[in-house]
Amino acid sequence: MKKRNKIMYWIATLWLALGMTSTGVVQLIKMKEEVVMMNHLGYPIYFLTLLGIWKILGVIAILIPKFPLLKEWAYAGFFFAMSGAIFSHFASGDEALAFFGPTLLLVLTVVSWYLRLVERKVIPVKL
């Protein structure tokens with residue numbers, strides 16, 4: 001069971017890292033489609049730079065060893081960004097296809113967080 005969970009963790013985490021890195025780079029270079037989408041959703045274009053930087057930093061945080069608290073923050077950031085994207089598409093009346101990317105990344109975020117290795121978890125301090 002532990003070996004299966006470890007394999008599932010790494011598959012989910014690597015797919016999450018790939019998805020967040022690719023979308024982060026696309027946002028940083030302000031690809032035309034991303035600019036059009038941001039305008040459609042009602043967000044300012046500078047938000048692309050902010051999201052792109054946060055995604056890339058978040059990927060680094062979840063992949064490097066140690067720093068479990070930083071990893072928790074990165075997972076939380078991914079969760080909020082992707083759930084916010086889903087809600088934004090919903091509020092804009094977008095078609096179902098627009099939900100696929102952020103929903104997939106949200107699911108990968110939750111799976112990666114849930115299955116994370118013991119050495120990557122924050123250990124609560126007992127008083």
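**Notes on the pockets**

1. The helix H4 gives the largest share of the lining of the largest pocket, 12 residues. Helices here are DSSP runs (H or I, at least four residues), numbered from the N terminus.

2. Please keep in mind that this is a predicted model, where local features need pLDDT of at least 70, side-chain atom pairs count only at pLDDT 80 or more, and totals for chains, interfaces and linings use all residues. Residues are numbered from 1 along each chain as its sequence is written, and side-chain values use heavy atoms, with hydrogens and water left out.

3. The volume of the largest pocket is about 680 Å³. Its lining has 31 residues, and Gln27, Leu51, Lys55, Ala81 and Met82 are the closest to the centre. (A pocket is an open set of points on a 1 Å grid over the protein atoms alone, where a 1.4 Å probe fits, with protein on both sides within 12 Å along at least five of seven lines; lining residues have an atom within 4 Å of a point. A volume is the space filled by probe spheres set on the points, which are joined across faces, edges and corners.)

4. Along with H4 (68–91), helices H1 (2–28), H2 (32–41), H3 (46–63) and H5 (97–115) each supply at least two residues of that lining. By class, 21 are nonpolar, eight polar and two charged.

5. The second largest pocket holds about 230 Å³ of space. Among its lining residues are Lys2, Tyr114, Arg116 and Lys121. Three residues, the largest share, come from H1, and the lining divides into four nonpolar, one polar and five charged.

Conventions:
Ala, Val, Leu, Ile, Met, Phe, Trp, Tyr, Cys and Pro count as nonpolar, Asp, Glu, Lys and Arg as charged, and the others, Gly among them, as polar.
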